[in-house]
Amino acid sequence: MNVIIIILIGIIFASAGQILWKMGMSGIGPLTSLSMTSALVVAFNPWVIGGLICYGLSTVFWLIALSRADLSFVYPFIALTFVIIFIASFFIFQENLSLQRILGAIIIITGIVILVRG
């Protein structure tokens with residue numbers, strides 16, 4: 001399998017993990033302290049558990065990618081998680097989609113395209 005595809009799969013899992021964590025924490029509400037009770041509520045939240053599983057899968061794909069390509073090539077792709085989460089946050093959580101954020105996402109994508117071609 002192409003290393004870029006492996007990297008993208010890992011990034012999708014990492015982004016999904018963040019989205020699931022946000023869903024879980026939105027259901028729990030703001031944490032005012034980290035008591036044993038609140039820690040258990042977070043630890044056993046199905047969305048949080050799903051996010052942890054996604055992060056575990058992301059790590060597996062990341063390790064595969066690192067075994068096949070230079071770290072200096074693989075690592076900058078992490079920036080794509082910002083773009084994916086930015087877009088998903090707009091559609092899933094109805095978060096703000098400002099011109100500055102859109103330009104930032106375009107700059108990130110442009111940088112990665114330059115990196116891949118280099």
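At what angle do helix α5 and helix α6 pack, and how far apart are their axes? In this predicted model, helix α5 covers residues 79-93 and helix α6 covers residues 99-117. The two pack at an angle of about 145°, and their axes are 9 Å apart. The crossing of α5 past α6 is left-handed.

The residues that make this contact can be picked out in the structure. From α5 come A79, L80, F82, V83 and F86. They meet R101, I102, A105, I108, I109 and I112 of α6. Sorted by class, the contact has ten nonpolar residues, one charged residue and no polar ones.

Between α5 and α6 runs a loop, and Q94 lies in it. The phi angle of Q94 is near 55°, which is a positive value in a residue other than glycine. Is Q94 buried or exposed? The relative accessible area of Q94 is 61%, and a residue counts as exposed when this value is over 50%, so Q94 is exposed.

Now consider the chain as a whole. Its secondary structure comes to six helices and zero strands, and along the sequence the pattern reads α-α-α-α-α-α. Taken along the principal axes, the C-alpha atoms fill a box of roughly 50 × 35 × 20 Å. The chain has 118 residues, and 28% of them are buried. Among contacts with a separation of 6 or more, 75% are between residues 24 or more positions apart.

The structure holds four aromatic pairs. One of them is formed by F13 and F61, which are stacked, at 5.9 Å centre to centre and with 25° between the planes. F13 belongs to helix α1 (residues 3-28) and F61 to helix α3 (residues 46-68), so that the pair joins parts of the chain 48 residues apart. F13 is partly exposed, with a relative accessible area of 24%. Why is the pair of F73 and F77 called edge-to-face? The ring centres of F73 and F77 are 5.4 Å apart and the planes stand at 65°. Planes over 60 degrees apart count as edge-to-face, so this pair is edge-to-face. F77 has 2% relative accessibility and therefore counts as buried.

Helix α3 also holds S58. Apart from neighbours within four places in sequence, S58 is in contact with G10, F13 and A14. At 8% relative accessibility, S58 counts as buried, because buried means under 20%.

The last stop is M25, in helix α1. M25 and I4 are 21 residues apart in sequence, and their C-alpha atoms are 31 Å apart in space. Which residues does M25 contact, leaving aside its neighbours within four places in sequence? They are L31, V42 and V48. The relative accessible area of M25 is 25%, so M25 is partly exposed.

Conventions:
Residues numbered from 1 in each chain as written. Predicted model: local features only at pLDDT ≥ 70, side-chain atom pairs only at ≥ 80, totals over all residues. Heavy atoms only, no water. Axes fitted to C-alpha atoms, helices over the stretch in contact; angles between N-to-C directions. Helix = DSSP H or I, 4+ residues; strand = E, 2+ residues; numbered from the N terminus. Left-handed = near helix turned anticlockwise from the far one by under 90°. Contact = heavy atoms within 4.5 Å. Nonpolar A, V, L, I, M, F, W, Y, C, P; charged D, E, K, R; others polar. Phe/Tyr/Trp six-rings, centres within 6.5 Å; stacked < 30°, edge-to-face > 60°. Buried < 20%, exposed > 50% of the residue type's maximum accessible area, 1.4 Å probe, protein only.
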